[in-house]
Amino acid sequence: MDSSLLDENYWDERYKTKSTGWDIGYASPAIINYAAGSIAKDAAVLIPGCGNTYEAKALLAMGFSQITLLDIAPTLVAKVKREFENNPNIQILCQDFFQHQGQYDYIIEQTFFCALDPSLRPSYVQQMHTLLKPQGILMGLLFKREFAQQGPPFGGDQTEYQHLFKSKFDILHLTNSTNSIPQRQGNELFFELRKKLSTCPA
């Protein structure tokens, strides 16, 4: 698919027609288990391409207090804003990820990377690096497979991801996910990346 077609109108139409096959209906266990054990409740957390926000709902129930949600689809964002109306612990923005500005301790990746045309992956890495505070963490799940049909979703493999991220991030974990949802078992990698600090040459 032409990457220019994967725009606001494309994704908004998917939500209008409820053509959301990626939506599993609950938060990914791998992400929630990590958050429960590794992320401070007052950390600034961004979830780009947030979709129906199951992860955000779980984080709020756990006591997290600085969550920002980002999605490009107006229909979806309007729905999410109604769900979280008057909740001071969450901010919901209808915005292109690549235009977003902010600083976060953690960014959670859940089926956003795979929705982007692969030509945008270097820009994704750069923008994630920009949005994270020093020593900030990008974590989540990535597909460990290719797809027969034309994307989205778009797949990949561990070697590709290592090459993609290594210039901007320290790769703390990039391993087979041990607690994927049943329908994705064996086809996901859990990853945890720490933003590299810019260094001046000696």
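This note sets out points on the fold, the packing and the aromatic residues of the structure.

1. Basis of the model. The structure is a predicted model, in which local features need pLDDT of at least 70, side-chain atom pairs count only at pLDDT 80 or more, and totals for chains, interfaces and linings use all residues. Residues are numbered from 1 along each chain as its sequence is written, and side-chain values use heavy atoms, with hydrogens and water left out.

2. Secondary structure. The chain contains six helices and seven strands; helices (H or I, at least four residues) and strands (E, at least two) are DSSP runs, numbered from the N terminus. Read from the N terminus, their order is α-α-β-α-β-α-β-β-α-β-α-β-β.

3. Overall dimensions. Along the principal axes, the C-alpha atoms fill a box of roughly 50 × 40 × 35 Å.

4. Of the 202 residues, 48% count as buried (under 20% relative accessible area; exposed is over 50% and partly exposed lies in between, with a 1.4 Å probe and protein chains only). Among contacts (heavy atoms within 4.5 Å) with a separation of 6 or more, 68% join residues 24 or more positions apart.

5. Surface and charge. The accessible surface comes to about 9800 Å², and carbon and sulfur atoms contribute 50% of that area; the Shrake-Rupley method with a 1.4 Å probe was used, and for residues only the protein chains shown count as cover. There are 18 positive and 21 negative side chains, with the centres of the two sets 4 Å apart. Lys and Arg count as positive and Asp and Glu as negative, while His and the chain ends are not counted; each charge is placed at NZ of Lys, CZ of Arg, CG of Asp or CD of Glu.

6. Helices H2 and H3. In helix H3 (residues 54–62), the buried residues are Glu55, Ala56, Ala58, Leu59 and Leu60. They pack against helix H2 (29–38) and against strands S1 (45–48), S2 (67–71), S3 (90–94) and S4 (104–109). Gly63 follows H3 and has a positive phi, near 105°. In H2, Ala30, Ile31, Ile32, Tyr34 and Ala35 are buried, and their cover includes H3, S4, strand S5 (132–143) and strand S7 (188–195).

7. Aromatic residues. The structure holds 13 aromatic pairs (rings of Phe, Tyr and Trp, the last by its six-membered ring, with centres within 6.5 Å; planes under 30 degrees apart are stacked, over 60 edge-to-face and the rest tilted). Phe97 and Phe112 form an edge-to-face pair, 5.1 Å centre to centre with 75° between the planes. Phe97 lies in the loop between S3 and S4, and Phe112, 15 residues away, in the loop between S4 and helix H5 (121–131). Phe97 is buried at 4% relative accessibility, as is Phe112 at 11%. The ring centres of Phe165 and Phe169 are 6.1 Å apart and their planes stand at 75°, so this pair is edge-to-face. Phe165 is buried at 2% and Phe169 at 1%. One aromatic cluster is formed by Phe97, Phe98, Phe112, Phe113, Tyr124, Tyr161, Phe165, Phe169 and Phe191.

8. Helix H1. Glu13 belongs to helix H1 (residues 8–16) and is partly exposed, with a relative accessible area of 41%. The C-alpha atoms of Glu13 and Pro74 are 9.7 Å apart, although 61 residues separate the two in sequence.
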